[in-house]
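Biologist: I have the sequence and a model open side by side. Can you walk me through what is in there?

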Amino acid sequence: MNALIRKEFRLLLPSWMLGIGIVLASAGMTRIGNASFGFIFLMGGVVVAMGIALAAFGREFGQGTFPGMLALPVSRGRLWWTKVMVLAAALLSL
């Protein structure tokens, strides 16, 4: 696995795990028969998906690694598409 992909995956992993937990909880609640709780958890999943999308850039800025990433000898287009594709894979898995 590419080092850029690994870095992006590590940044998104905590938020993604929270999202998977919420989505699985909503599936479990609707299977039990309490659809209103399932709907609440599903809406929480939407909020977590937005949080994952924001975490892709927020953690870069918060940890101060964004300027260092731009200084790498890799084109900015490749950095952008790597970040977007890992984010898309995380959101599609939810």
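Biologist: Among contacts between residues at least 6 apart in sequence, what share joins residues at least 24 apart?
Modeller: That share is 71%. Keep in mind that this is a predicted model.

Biologist: Which residues make up the largest nonpolar core?
Modeller: Nine residues: L12, I22, V48, I52, A55, A56, V86, L87 and A90. The elements giving two or more residues to this core are α1 (3-32), α2 (35-63) and α4 (76-93).

Biologist: Which of them gives the most?
Modeller: Helix α2, with four residues. As background, nonpolar side chains in soluble globular proteins tend to be buried together.

Biologist: Now K83. Where is K83, and is K83 buried or exposed?
Modeller: K83 is in helix α4. K83 counts as buried because its relative accessible area is 3%, and the cut-off for buried is under 20%.

Biologist: A lysine, then. What does the side chain of K83 make a polar contact with?
Modeller: With the side chain of E60, at 3.4 Å. Again leaving out residues up to four places away in sequence, K83 touches E8, A56, F57, E60 and M69. A56 is also one of the core residues, and E8 is also among the residues that V86 touches.

Biologist: Switching to S26: which helix is that in, and is S26 buried or exposed?
Modeller: S26 is in helix α1. With a relative accessible area of 7%, S26 is buried.

Biologist: How far apart are S26 and G44 in space?
Modeller: They are 9.0 Å apart, C-alpha to C-alpha, and 18 residues apart in sequence.

Biologist: What about the outside? Which residues form a nonpolar patch on the surface?
Modeller: F39, M43, V46, V47 and M50, with about 480 Å² of accessible area together.

Terms used. Residues numbered from 1 in each chain as written. Predicted model: local features only at pLDDT ≥ 70, side-chain atom pairs only at ≥ 80, totals over all residues. Heavy atoms only, no water. Core = buried A, V, L, I, M, F, W, Y, C linked by side-chain atoms within 4.5 Å. Buried < 20%, exposed > 50% of the residue type's maximum accessible area, 1.4 Å probe, protein only. Contact = heavy atoms within 4.5 Å. Patch = residues over 30% accessible without salt bridge, like charges linked within 9 Å, V, L, I, M, F, W, Y side chains within 5 Å. Areas by Shrake-Rupley, 256 points an atom, 1.4 Å probe, with all protein chains shown as cover. Salt bridge = Lys/Arg side-chain N within 4 Å of Asp/Glu carboxyl O. Polar contact = N/O pair within 3.5 Å; in protein donor to acceptor, adjacent residues only side chain to side chain.
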